[in-house]
Amino acid sequence: GRSYCVRTQRMLNQCLESLVQKVQSGVVINFEKSGPDPAPIGEDGLVDSSRPINSFASQPWHSCHKLIYVRPNPKTGVPVGHWPIPESFWPDQNSPTLPPRTAHPVVRFSCVDCEPMVIDKLPFDKYELEPSPLTQYILERKSPHTCWQVFVSGSGKYSELGHPFGYLKASTTLTCVNLFVMPYNYPVLLPLL
């Protein structure tokens, strides 16, 4: 934190300017690991099966409460998104009210390497993750051509974890990690389209 002692109008303007520069527009998300840890990566960037996987010891990257940057459209100044993060419940037409939910969505990620999927003319949303132990861990794996799928528990009708709605992927330059938000259950939908 920081405190400002404002004594003049000019000082107030300087303090406000300083604060505005620090404000990031975004959404806070709880990222939680689901399933086993990934296989360790060796110096050559390939899976190193000689190193043991310790899935039970909690690591800082297993659970992160972090911001995703929601950048405004440069022309309009309004952020634009095409797809929502799913709710953590399956809608019930007979229920008169919606169940309560947390202020910050709980997004679970699976550490299974998958192929990133996009198709022409179907929009997707791409959000940069605030630096964290999770982004550091993903970048250290140096795998910009694979991704980890993301889920919201309870979002599917017949499965606890639900279906994937996007993925976490390191940028090709390995400078940041992005959350790609796609249509719900995109691995089934995209091949159909």
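Which residue forms a salt bridge with Arg101? The partner is Glu87, with the closest N and O atoms 2.8 Å apart; a salt bridge here is a side-chain nitrogen of Lys or Arg within 4 Å of a carboxyl oxygen of Asp or Glu. Both Glu87 and Arg101 lie in the loop between β2 and β3, so the pair ties together parts that are 14 residues apart in sequence. Glu87 is partly exposed at 31% relative accessibility, while Arg101 is exposed at 60% (buried means under 20% relative accessible area, exposed over 50%, partly exposed in between, with a 1.4 Å probe and protein chains only).

The model is predicted, so local features need pLDDT of at least 70 and side-chain atom pairs count only at pLDDT 80 or more, whereas totals for chains, interfaces and linings use all residues. Residues are numbered from 1 along each chain as its sequence is written, and side-chain values use heavy atoms, with hydrogens and water left out.

The count of salt bridges comes to three. In another of them, Glu128 pairs with Arg71 at 3.1 Å between the closest N and O atoms. This pair links distant parts of the chain, 57 residues apart: Glu128 sits in strand β4 (residues 125–129) and Arg71 in the loop between β2 (63–69) and β3 (106–110). Strands are DSSP runs (E, at least two residues), numbered from the N terminus. Glu128 is partly exposed, at 27%, as is Arg71, at 49%. Lys33 and Asp37 also meet through their side chains (2.9 Å, N to O); here Lys33 is buried at 13%, and Asp37 is buried at 11%.

How values were computed: Helices (H or I, at least four residues) and strands (E, at least two) are DSSP runs, numbered from the N terminus.
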